[in-house]
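Reader: I've got a new structure open and I'd like to learn how to read it. Can you walk me through a few features?

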Amino acid sequence: MALKLKKPHRPIDKTEALASWLEQFKIPSGISRGKPYVLHDFQRDVIDDHLANDEFGSPLHRTVLFSIARKNGKTSMCAALALAYLTEGSPLHLPGWRGAIASPSENHSLMLALAIQELCEANGLDHIKVRKNPAPGVVLGDNNSRLEILSGSKTQGHGLSLDFALVDEAGLLTDNSEVIQNLTDSLAARDGRLIITGTRGTSKQFNERIERPSRSTKVHCWSAPLDADPGDRDLWEKVNPGLASGIKSRRFLEDAFTEAEAAGTTTAFMAWQLNAPLDPQRQLLLEYKTLQRAYDEAAEPISGEPVWLGLDLGGAASMTAAVAVFESGVVRAVGAFPSADMNLLQRGKRDLVGMTWVQCAERGELKETTGHVTELSEFIPHVLDMIRGHPVQSVTGDRYREGELRNALAKAGVDWPLNLRANGPKDGNADILATRRMFLAGKAKLCRNLLLEASLAEADCKVSTTGAVQLDRAHRDGRNDVAAALILAAGAYMRDREAPKPEYEVEVF
């Protein structure tokens with residue numbers, strides 16, 4: 001039988017008491033450095049729900065979920081809340097209080113401890129101690145109170161008994177992480193409370209809690225939808241309450257957006273600054289609006305101009321693709337599948353693109369060849385038809401099936417300058433950045449090409465810890481072969497265009 005609760009008791013007085021207690025402290029850093037610590041309205045709402053009790057004195061909301069874009073005072077608020085629990089004389093202090101902070105990594109967990117330490121040092125609270133030994137550490141408060149700093153292990157938090165738990169950067173947790181469940185279980189003996197924070201990311205379990213919270217969870221989420229315009233200034237205000245509160249700089253957002261636009265991808269900006277449910281470590285090769293700006297149904301190469309080719313030669317499952325970039329910036333693409341194992345309709349179902357391959361074939365953008373792998377002696381004539389007699393400046397591709405390629409070229413009677421190489425991270429990063437520069441600078445123009453659109457939709461770029469980007473598939477069955485050929489052709493084209501021109505000095509006697 002479901003327990004029917006009376007009207008809940010919301011401890012507004014305790015929230016107000018906490019806010020008054022915090023105002024004696026100075027903010028240690030940021031654009032409000034030196035000012036009194038003030039809880040802003042959106043922070044008060046979170047804390048109010050965190051402290052709310054039912055009629056029996058238990059937490060009304062066992063879990064409060066607080067998801068917001070970066071630099072909106074999330075860590076500062078959590079540090080102030082933890083300090084209040086640890087410090088004698090605050091309205092929240094309990095002797096023997098036990099808390100814990102968990103994150104996807106030890107470094108993330110230490111950020112809160114460092115924020116507490118910074119707040120204490122700026123305000124002369126030398127009796128609150130942050131210990132990092134033994135690692136990862138602990139914050140020691142008054143009357144035997146303590147906040148444990150947990151490691152980045154996926155099973156951290158098991159076996160603890162806590163009054164308060166905080167899971168930070170939950171949007172970066174792996175789907176097999178048991179952290180949230182472990183810390184929820186750790187609250188049982190002390191009837192404790194849990195706060196889960198972070199930008200949304202692509203964590204399934206975190207976004208599931210945001211979109212379909214349980215009855216015991218209260219959600220505070222400021223987030224931009226996936227289809228939002230990242231340049232919408234009104235949207236910036238809506239999803240960044242710290243702007244109105246003076247916590248976050250509007251100029252910083254302007255600069256971050258300008259930089260993202262110049263780089264050709266706003267994925268990281270959307271994820272970090274607008275809290276959209278995106279993985280900041282993955283980007284689109286080209287955003288659709290950037291591709292759309294290059295569409296010109298009258299795009300035709302100039303007679304006799306040279307062309308740069310990119311080739312991605314596939315096996316039995318993958319597509320073989322060729323992309324041509326002409327000197328005037330005109331882009332064309334063609335692909336082929338082998339027909340022995342399955343037809344285009346069957347391949348479309350396997351690749352999760354429905355009728356797309358059939359439609360590409362009807363438009364003349366996709367061909368079928370005989371054999372279990374694409375027959376190159378049948379594919380090369382399609383490439384020749386695409387470039388229509390224009391001189392080939394270079395052909396860039398990897399060394400896979402090199403012997404077959406050379407035989408097919410010999411059969412077709414063409415002698416193209418081949419630049420076949422291993423596609424390492426350095427080359428891949430340079431080619432991707434060159435492709436984005438080409439489209440962003442307005443050099444590229446093409447008639448709408450469904451095959452290229454479909455490949456770009458299936459292509460992803462993963463960002464390494466060094467910042468380098470590499471082409472990847474958006475999902476396991478994704479076909480990004482045409483996108484791979486595009487970056488090879490565009491990379492070669494842009495290297496040639498951007499190479500320093502030789503200077504000659506003529507001395508006349």
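Predicted model: local features only at pLDDT ≥ 70, side-chain atom pairs only at ≥ 80, totals over all residues.

Reader: Where does T63 sit, and what is T63 in contact with, leaving aside its neighbours within four places in sequence?

Author: T63 belongs to strand β1, which covers residues 63–67. Leaving out neighbours within four places in sequence, T63 touches L194, I196, S216, T217 and K218.

Reader: Now the backbone. Which phi value does N144 have?

Author: For N144, phi is near 65 degrees, a positive value in a residue other than glycine. You'll find N144 in the loop between β4 (138–140) and β5 (146–149). N144 is exposed, because its relative accessibility is 54% and the cut-off is over 50%.

Reader: And what about L352: buried or exposed?

Author: L352 is exposed, at a relative accessible area of 57%. Its phi is near 65 degrees, again positive in a residue other than glycine. L352 is in the loop between α12 (344–350) and α13 (356–362).

Reader: How do I read two packed helices?

Author: You describe them by the angle between their axes and the distance between the axes. Here, helix α17 (residues 450–458) packs against helix α18 (residues 481–498) at about 100 degrees, with the axes 7 Å apart. So α17 is roughly perpendicular to α18.

Reader: Which residues make the contact?

Author: From α17, L451, L452, S455 and L456; from α18, D481, V482, A483 and L486. By class, that's six nonpolar, one polar and one charged.

How values were computed. Residues numbered from 1 in each chain as written. Heavy atoms only, no water. Helix = DSSP H or I, 4+ residues; strand = E, 2+ residues; numbered from the N terminus. Buried < 20%, exposed > 50% of the residue type's maximum accessible area, 1.4 Å probe, protein only. Contact = heavy atoms within 4.5 Å. Axes fitted to C-alpha atoms, helices over the stretch in contact; angles between N-to-C directions. Parallel < 35°, antiparallel > 145°, perpendicular 65-115°, else oblique. Nonpolar A, V, L, I, M, F, W, Y, C, P; charged D, E, K, R; others polar.
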